[in-house]
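Hello,

Here is the structure I promised to pass on. Please open it first, then read my notes below.

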Amino acid sequence: MNLTGAPYGSPWEDWATWIDEMPVSVKLGMRCKEIERGRLVLVHEGGEWQNATGTAVHGGAIVAIADQGFGAVASTVLPEGVVPATATLTSDFLRPAFPPITFEAVVDRVGRTLVFVSVTVRDRDDKVCNEVRGTMVVDGSSRLARSHAG
């Protein structure tokens, strides 16, 4: 049973559509530009509510989009039915993020119960403006999802 809705076994274009159509993706104003096993690129063009100063994107929006990337990229390396959930997230803000912004999410390592993910955030001038790192737990959340599916 596929509890995540991820299009396992489908072409990568279907994965990009799945990510783009998630309600949180729509609300955050992001879209999937590239995706493959263990790597994806998200793009955010900016928006009225996400901009902190009318020009730079608010740090909270940056972290929310990066977190969305965590779950999506982790899903590309996990077996069907395993639901990733954010366990840790750290963010280093290096400079203001001026849109359009790209988020490159990469799976660094997959363990038995954790997936380690890094997201590099680049601004309109291709300058790194944020580095986000974290772990996704893949054991407890999956058991919980299965127990509520029944």
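Which residues does V115 touch, leaving aside those up to four places away in sequence? The list is A74, L78, V107, R109, V110, G134, T135, M136 and V138. Bear in mind that this is a predicted model.

V115 also belongs to the largest nonpolar core. That core has 38 residues. V115 is among those with the most contacts inside it, along with I19, L40, L42, F103, V119 and V121. Two helices supply at least two residues each: α1 (12-20) and α3 (59-75). So much for the helices; strands contribute as well. β1 (30-36), β2 (39-44), β4 (101-110), β5 (114-122) and β6 (128-137) each give at least two residues. The largest share comes from α3, with 8 residues. As background, nonpolar side chains in soluble globular proteins tend to be buried together.

Next, the hairpin. β1 and β2 form it, with 2 residues between them. G38 sits in the turn and has a positive phi of about 80°. The two strands run antiparallel and are joined by 6 bridges. Within this pairing, E34 stands opposite V41 in β2.

Last, the cysteines. How many disulfides does the structure hold? The count is 0. C32 has a relative accessible area of 8%, under the 20% cut-off, so C32 is buried. C129 counts as buried too, because its relative accessibility is 1%.

Best wishes

Definitions and conventions:
Residues are numbered from 1 along each chain as its sequence is written. This is a predicted model: local features need pLDDT of at least 70, side-chain atom pairs count only at pLDDT 80 or more; totals for chains, interfaces and linings use all residues. Side-chain values use heavy atoms; hydrogens and water are left out. A nonpolar core is a set of buried Ala, Val, Leu, Ile, Met, Phe, Trp, Tyr and Cys residues joined through side-chain atoms within 4.5 Å. Buried means under 20% relative accessible area, exposed over 50%, partly exposed in between (1.4 Å probe, protein chains only). Helices (H or I, at least four residues) and strands (E, at least two) are DSSP runs, numbered from the N terminus. Contact means heavy atoms within 4.5 Å. Two strands pair if DSSP finds at least two bridges between them. A disulfide is a pair of cysteine sulfur atoms within 2.5 Å.
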